[in-house]
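This report covers a single protein chain, shown below with its sequence.

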Amino acid sequence: MAEITKSYESRDVEDKWYAAWQEAKCFAGQAAPGQETYTIVIPPPNVTGILHMGHVLNNTLQDVLIRRARLEGKAACWIPGTDHAGIATQTMVEKHLKKTEGKGRRDLGREEFLKRVWSWRDEKGDMILKQLRQLGCSCDWDRTTFTMDPHYSRAVLTSFVKLFDGGHIYRGKRMVNWCPASHTALSDEEVEMRPTKGFLYKLRYELVEPTTTKDAEGNEVPLTHLILETTRPETIAADVAVAVHPDDERYKHLVGRKVWRPLGERVQIPIIADIAVDPAFAAGALKVTPAHDKVDFEIGQRHKLPVIDAINADGTMNEFAGPELAGMERFAARKKAAEILEQRGNLIEAKPYENNVGYSQRAGVPIEPRLTQQWWLRYPRVEEAKAVVRDGLIQMHPERWTKVYLNWLDNIQDWCISRQLWWGHRIPVWYAKGVDREKLTEADLRDPRKIHVSLEGPADPQNWEQEDDVLDTWASSWLWPFGTLGWPDDAAQKAANFEAFYPTTTLATGADIIFFWVARMIMAGLEFSRPGAPVEQRIPFKHVYFNGIVRDKQGRKMSKTLGNSPDPLDLITAYGADGLRFGLLQIAPLGQDVKFDETRIEAGKHFCNKLWNACRFRQMSGEMSDNSSLAAILGRIDPARFDDDDHALLGALLDTMGTLEKSFAEFEFATATQRLYSFFWNDFCDWYVEVAKARLQDPAAKVHVLAVQDLVIREFLLLFEPFAPFITEELWHLLGYGAEKAFLQETRIETVATLTAALAGRGATIDGAAAGRVEQLKQFSSLARQLKADQAVAQKRDVKFLALADTAGWSVLAANVAKLARLVGAASIERTTAEPALPAIVTPLGTLYLDTGVKVDSATERVRLTKELDQLAKHIAGTEARLGNIAFTSKAPPAVLDGARKQLAELQGKRAEIERLLVAVG
């Protein structure tokens, strides 16, 4: 058995074991007949992506789940892959072409441009998957899927054809988010709202026929114009009406009249009434420009207004904007429009104004609401998608997201599934040559003489032209849970063992894509997988875990622009992959955002070092016996030699195992990591290892004590492996816990029940009361050291303690006096019945006095005790408030209430003792 080195070198260990795992195909998803499975599909990162802290959190969570499943004996399958990321990839390659060759995609043509994209993808597209290996992710890499792979592309196009044939897909001219830089429609997810500074222009729209209105005093006064406000004067030439609220008394008498449009062709436009108008905003009148605003478009639809499009696809103004603005870039046109309006007397004022404006996430330019011909999907299986979540077949964690999900489905709108890109799945639609695409009706779309829809294309391609648009990226990734398992090809599904691994078990993702991806996957699974089967066999997953967003200490999202996003690979180099994983999960509560703090990652590294050193100390403490099985270790444990420390340690181990079992069931990973930390650092290292040093000097007890340590380390490595796979694998082999060529994951992790039974089979039953007694000793020793520190004698070991304790307290102290004296650094601990004038502190086992041989400074001691009393008063007040709060007492379990009342009584008793000590000090 190799010797454990003095220091832990994470990089060497990580490289060694990951290579060994891959060579041995440790991560292969293979299920024996009847074996329980656990499947995860990775949220496919963009093929353009590189590892960032959000990826680290999300993929660490998935790896923790999949590794735990392996330890539980399940057939675990974690399917990796990447998304072709249509707009992001096309934009990146275009920028590269422009920079290196001075060309755009249209200079190359579609076919040549796509060759360049594929070349870029083949060269750099798997970078993020390689980086995930450095994090320790245990994906079944042989199953890696790319959303543009031939078999997956066929799945995507098959879904389109099926949905079209089922009447779910249609083509229509509707309002979309338009990117003037990329020349494509965008999903809402691809648009980010940014606070943008501009101007709010206050304008005068002249009435065609002046009239009168009443002033504040009720007097009739002339009315020659309406006041409107807008941030976009460049679109005035596309105004087709002015709208007011039907209940606005200021304007009721004007509805039906007309105003002169102040820019562009001088024409009359009507004043209409519509409930979409907010009477409280500005002057309560709204310019209606259906081609350039979604709300305006809906108003126009209701009132059958004409549509005037004044902005080109590239963001320049066209002839409908008027001769003064035609050809100008939209923001230059805005400035010019304001100048013209001012010259004409229509501009009253332009005041600085900040509002949220939608920007293209990739191109970084403001989007335009734009009317374009697009392909749309009427979502299938909407009611079923509600039911499976409402009925608990799919559970969301945290549960609050269920309401958000259901609310979205209640208000769902058709999905724009087409994109004006070249990189992506080209829509499998062909138009007969000569057909006017702009005039196609719903009936025309079903006419095989005009439209052809299929996977293979028409038999006479020379008479047809294929649709130029590609499908929205989400229209491929919504098939991910079953598309990665071979659907729709029967042979491919059999090879991927679709029957065993679908439905998948858990999806871990961000809540920001609950609508764009999660909800859509649920509908796709219900629609396409196992037609006719019971709903529980068609859902894509059973659990959805929504992790939070990783932010900086100030709560800001991490970004390159802010310079607040550390490189995960630098963190792995500095702190090890295990340190990064464990440290990050400790600060990642269920569903809450994570405030990143590098010191916590450093603490993760320190914990790994603590584990390493503790195992090294165990190796140095005595001979390493047979550790190859649980039975072998239990065979060396002697129940007759159990003392309170043994009982307390093994009881804490069982409690830790129970905490993790509950934490995994409830997706409470921060709770799990914190319990692992406190158990190993506090219960094992700081207490048991220290108190066991004396017992190791006794040859008769040594074998038993070392066996207890071997048992605890073995079980801890199994518990810790999902969080820190590298160091646990290394120590597992160095301490001889498995066969030379067997990996840790091949061992089945014990449950609380199985380990309790195994101990009982050896004749060891854990004494629950021992934990309470040991906890008192821990507190006693901690308070004794605190008292020494307060008196500036922390390093002296010749001091004497006197304990004023009742019979029960002294009996515990007397039984452990030698151990305690060694732990706290004292020459002796003796009982006293007097109340000496010495520095004192109240412990659970009595009042402890410190005799340093130096006269006590009464004033200093009074200050110290007063400070302690003040702190105690705060704790008592808080506990009393909690017990006096009916919201707490009416919901808390009886055991929790009893514990709070017991704590209050103990605090009150301690307060009384400190008050007595203050009186004694004088």
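## Salt bridges

Arg 556 is partly exposed, because its relative accessibility is 32%. Its partner in a salt bridge is Asp 552, and the closest N and O atoms of the two are 2.7 Å apart. Asp 552 itself is buried, with a relative accessibility of 7%. The model is a predicted one, and these values are computed from its atoms.

Two further pairs can be set beside this one. Arg 67 and Asp 63 form a salt bridge with a closest N to O separation of 2.8 Å. Both residues belong to helix H2 (residues 53-71), where they are four residues apart, or about one turn of the helix. In an α-helix there are 3.6 residues a turn, so residues three or four places apart point the same way. Arg 67 is buried at a relative accessible area of 2%, and Asp 63 is buried at 0%. Arg 143 and Asp 140 also meet through their side chains in a salt bridge, at 2.9 Å from N to O. Here Arg 143 has a relative accessible area of 14% and is buried; Asp 140 is buried too, with 7%.

The count of salt bridges in the model is 63. Some residues are linked in a network of such bridges: Arg 232, Glu 234, Arg 330, Arg 334 and Glu 368.

## Overall layout

The protein has 922 residues, of which 54% count as buried. Its secondary structure consists of 32 helices and 29 strands. Taken along the principal axes, the C-alpha atoms fill a box of roughly 105 × 80 × 55 Å.

Contacts were also sorted by separation in sequence. Among those between residues at least 6 apart, 78% join residues at least 24 apart.

## Helix H24

Helix H24 spans residues 699-720, 22 residues in total. From its first C-alpha to its last it reaches 31 Å, close to the 32 Å expected at 1.5 Å a residue.

Is H24 largely enclosed by the rest of the structure, or largely open? Of its 22 residues, 18 are buried, so the helix is largely enclosed.

## Nonpolar cores

The largest nonpolar core holds 180 residues. The members that touch the most other members are Phe 160, Trp 375, Tyr 405, Leu 479, Ile 522, Phe 720 and Phe 723. H24 gives the most to this core, with 12 residues. A second, separate core has 39 residues, among them Ile 236, Val 277, Ala 321 and Ile 340.

Which residues does Tyr 405 touch, leaving aside those up to four places away in sequence? They are Ala 385, Lys 386, Val 389, Met 396, Ile 514, Ala 519 and Ile 522. One of these, Ile 522, is itself among the core residues that touch the most other members.

Strand S18 covers residues 429-432. Val 429 and Tyr 431 point one way from the strand, while Trp 430 and Ala 432 point the other way; all are buried.

S18 pairs with two other strands. With strand S19 (residues 451-453) the pairing is antiparallel over three bridges, and Trp 430 stands opposite His 452 of S19. With strand S20 (residues 464-466) the pairing is again antiparallel, over three bridges. There, Ala 432 has Trp 464 as its bridge partner in S20.

## A four-stranded sheet

What is the order of the strands in the open sheet of four? The order is S6-S5-S14-S16, with antiparallel pairing. Strands S6 (184-186) and S16 (415-416) are the edge strands, and each pairs on one side only.

Strand S5 (residues 169-179) and S6 run antiparallel and are joined by three bridges. Within this pairing, Trp 178 has Ala 185 of S6 as its bridge partner.

Definitions and conventions: Residues are numbered from 1 along each chain as its sequence is written. This is a predicted model: local features need pLDDT of at least 70, side-chain atom pairs count only at pLDDT 80 or more; totals for chains, interfaces and linings use all residues. Side-chain values use heavy atoms; hydrogens and water are left out. The expected span of a helix is 1.5 Å times one less than its number of residues. Buried means under 20% relative accessible area, exposed over 50%, partly exposed in between (1.4 Å probe, protein chains only). Two strands pair if DSSP finds at least two bridges between them. A nonpolar core is a set of buried Ala, Val, Leu, Ile, Met, Phe, Trp, Tyr and Cys residues joined through side-chain atoms within 4.5 Å. Contact means heavy atoms within 4.5 Å. A salt bridge is a side-chain nitrogen of Lys or Arg within 4 Å of a carboxyl oxygen of Asp or Glu.
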